[in-house]
Amino acid sequence: MGRISGSGPLLWIGAIILASGAACSAQAQDCGPLKRAASIQMKPIHDGRAMLVPITIEGTQRQLLLDTGGYMAQLTSRVVDELKLEPRKGYVKLYDVSGNMSDRYVIAKQVDIGGMRASNLPFMIIPPTSNLGEGEEPYDGIFSIDFLYKYDVELDYGTNTLNYF
């Protein structure tokens, strides 16, 4: 049986690593600079500890609380009623921070975010027993990661701006 000795295998491993690194850098160079798709002026609330993101749902301006740790966009029951959206029973159960549960969602036919338009977007309904969205700085729902993950985004808290690239 033959035996591999010396630095031969190490040279092959090094060559593979260099080749894969070259391919990655070539791909990155092909992308070019980021192009801004939208820039949205957020509104700070609670002494700047939270941000509201303005969006348009079914032609009406709404303010959603920015929640980068949230899983799904949500609307309050009040907004669902005002927009006459049809609640549907879903397979996902949403729990708020107090343990209140909702398995209802709606489909918004038209949503505009900073000039970008989308159709037929799902929103979970915030549990009706929840007090989220009420208080001194009311908001209409939660702006979550499902509005962010398909883009490169920049949250600029110095200028209160959400930029999509």
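Guide: Let's start with pairing: two strands pair if DSSP finds at least two bridges between them. Strands themselves are DSSP runs of E, at least two residues long, numbered from the N terminus. This is a predicted model, where local features need pLDDT of at least 70 and side-chain atom pairs count only at pLDDT 80 or more, while totals for chains, interfaces and linings use all residues. Residues are numbered from 1 along each chain as its sequence is written, and side-chain values use heavy atoms, without hydrogens and water.

Visitor: Which residue in β11 is the bridge partner of Gln41?

Guide: Strands of a sheet pair through backbone hydrogen bonds, either parallel or antiparallel. Here, Gln41 has Thr161 as its bridge partner in β11. Four bridges link β1 and β11 (residues 161-164), in the antiparallel sense.

Visitor: In what order do the three strands of the open sheet come?

Guide: The order is β1-β11-β10, with antiparallel pairing. At the edges sit β1 (38-41) and β10 (153-156), each pairing on one side only.

Visitor: What about the hairpin of β6 and β7: which residue takes a positive phi?

Guide: That's Gly99, with phi near 90°, in a hairpin that has five residues between the strands. The strands β6 (88-95) and β7 (101-113) pair antiparallel over four bridges, and Leu94 has Ser102 as its bridge partner in β7.

Visitor: Now Asp140: is it buried or exposed?

Guide: Buried means under 20% relative accessible area, exposed over 50%, and partly exposed in between, using a 1.4 Å probe and protein chains only. Asp140 has 10% relative accessibility, so Asp140 counts as buried. You'll find Asp140 in the loop between β8 (116-125) and β9 (141-143).
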